[in-house]
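Hi,

Here is the structure I promised to pass on.

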Amino acid sequence: MEVASILKGRNLYIPRMTYGGAKAFAAAVRSVGINGQLSPESSKRTLELAKHYTSGDECYPQQVTLGEFLQVMRSKEFVPKKTAFFMPTAGGPCRFGQYATYMKRLLRDFGYQEAIVVSPASDNSYDELGKEAGAELMRTGWRALVSADILRKMLLKTRPYELNKGDTDRAYEESLDLICQVLEKIGVRHKDRLAQLVDALTKARHRFRSIPARYDKSRPLIGVVGEIFCRLNRFSNDELIRIIEEQGGEVWLSDVSEWLWYTNWDQIKHIIRKGKKVSLEMLGAKLKNYIQKKDEHALLEPFKEDFQGYEEPEHVEEVLNYSKRYLPPRGCLGEMVLSTGKAIYLYEKGADGIVDISPFTCMNGITCEAVYPNLSRDHDGLPIRIFYFDGTQSNLDRDMGIFLELAKSYQRRKKKNRVYPFCFN
Ligand code: SF4
């Protein structure tokens, strides 16, 4: 039986890698008749619970997501045959490839074999998702992730300057609800859904623009790179983004779509390595790239003025080229090349410091930490600091306070100036 039919009638739980992205993606899942649900929020208690079922050798994000799923399994409503867990996977040496396997083993050990784990792989740029739940979900899911990235960007560029605390968070929640209402509709043609999404995003833009704010050019801009889950999941990084804002900074956070563009790039390289440069497989990969780019442009269109100076690279190769000198992207794979390249991209955009958020013992973080001193030296002494997380952090306020002092001093002497959007006055 096809996985698509196995998923009918089940709740499919999406881990909160990013709160907004998971919420939007769950809505996209509902649009194909599968009951997509946001996994419950993590807490110290759920982390403790997950630690009970892990040895300590696992990555921190595995413990956090396991904690979310264990909450589902312990809830009164849990019925294994009506449940599925979403846990993508990846090949290569990164331990991410083990998350789904371990989850399946745990379900078996608990006697919950009827619950299933849905795990599309990064090797083929998550194309299996299309096979498992339909090409329609591939497209709506992509739009969900891009829209959620856009709203997070609006949140981060507005919140540090709001005059009334809480205004921007409220606008963000309302905007997320607006896009989810469009994403979850069943039986809408792609063309119509895109038009409705653009409309919802335009309303969201008005909502953000109407927030009373006082923009201040002296606030340092801190680029945040690092391991995708830990940098985007606010529980995992102990709300480091808010700490940066409270200590006087503004954050430019690397988004989710960056990773998906990277997996698309990797998929094409993989097809070439297999000697299939001219093949139907290559045609399919290129077509997917083309359609995704077209959708992304349409969704970003209403934000041209707002994102002036905050533009993401048009193609991921730009980031990979920046990384070349330190970590060649054809030899070093995965997030380490994105973090390194993006740090330089952000330097060019006038960032005043770079924070790398990584799980403790993450090989991506460790490799980046080795090249950051040279990268900083070659880029006017740009301050770069890595923060590792494993659920036992201590004085983040103090450490971030010190880092922001360095960023402010760099800001006074930097050679690469920021471009500000028109409303930033
Ligand atoms: S990137 Fe790091 S933390 Fe994430 S799965 Fe890989 S090794 Fe673990």
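Which residues surround the ligand? Before the answer, two words of caution. This is a predicted model, where local features need pLDDT of at least 70 and side-chain atom pairs count only at pLDDT 80 or more, while totals for chains, interfaces and linings use all residues. Residues are numbered from 1 along each chain as its sequence is written.

Around the ligand you'll find Cys59, Pro61, Cys94, Arg95, Phe96, Glu227, Glu335, Pro359, Cys362, Met363 and Asn364. A residue is near a molecule if its C-beta atom, placed from the backbone, lies within 6 Å of it. Sorted by class, that shell holds 7 nonpolar, 1 polar and 3 charged residues. Nonpolar here covers Ala, Val, Leu, Ile, Met, Phe, Trp, Tyr, Cys and Pro, charged covers Asp, Glu, Lys and Arg, and the others, Gly among them, count as polar.

The protein chain is assigned domain 1 (3-133) and domain 2 (216-255 + 312-413), with bounds that come from an automatic or database domain assignment. Their centres, taken over C-alpha atoms, are 28 Å apart. Domain 1 puts 12 residues into the contact and domain 2 puts in 17 residues; two residues are in contact if their C-beta atoms, placed from the backbone, lie within 7 Å. On the domain 1 side, helix α4 (residues 60-74) gives the largest share, 3 residues. That side has 8 nonpolar, 3 polar and 1 charged residues. Why does the ligand lie between the domains? Both domain 1 and domain 2 give residues to the shell around the ligand, so it lies between them.

An open sheet is formed by 4 strands in the order β2-β1-β3-β4, with parallel pairing. β2 (35-38) and β4 (116-118) are at the edges with a single partner strand each, so one side of each has no neighbour in the sheet. The twist from one strand to the next averages 30°. Helices (H or I, at least four residues) and strands (E, at least two) are DSSP runs, numbered from the N terminus, and two strands pair if DSSP finds at least two bridges between them.

β1 (residues 11-14) and β3 (residues 83-86) pair in the parallel sense over 3 bridges, and Leu12 sits opposite Ala84 in β3. Helix α2 (residues 19-30) packs on this sheet and touches β1 and β2, with its direction at about 170° to that of β2. For such angles, axes are lines fitted to C-alpha atoms, for helices over the stretch in contact, and the angles run from 0 to 180 degrees between N-to-C directions.

**Another sheet: β5 to β8**

Here 4 strands make an open sheet in the order β6-β5-β7-β8, and the pairing is parallel. The edges are β6 (250-253) and β8 (384-389), each with a single partner strand, so one side of each is left without a neighbour in the sheet. Neighbouring strands are turned by 30° against each other on average, direction ignored.

β5 (residues 221-226) runs parallel to β6 and is joined to it by 4 bridges. Across these strands, Gly223 has Trp252 as its bridge partner, and Leu221 stands opposite Glu250. Helix α15 (residues 335-348) packs on the sheet, touching β5, β6, β7 (353-359) and β8, and its direction makes about 165° with that of β5. Helix α17 (residues 396-413) packs there too, touching β5, β7 and β8, at about 150° to the direction of β7.

In β6, Glu250 and Trp252 point one way while Val251 and Leu253 point the other way, and all are buried. Buried means 20 or more other C-beta atoms within 10 Å of a residue's own, exposed means 12 or fewer, and partly exposed is in between, with C-beta atoms placed from the backbone.

**Some single residues**

Val146, in helix α7 (residues 135-158), is buried, with 24 other C-beta atoms within 10 Å. Leaving aside neighbours within four places in sequence, Val146 is in contact with Ser257, Asp295, Glu296 and Leu299.

Most residues other than glycine have a negative phi. Glu239, in the loop between α10 (228-232) and α11 (240-246), has a positive phi of about 60°. Thr361, in the loop between β7 and α16 (363-378), has a positive phi near 70°. With 15 other C-beta atoms within 10 Å, Thr361 is partly exposed.

Cheers
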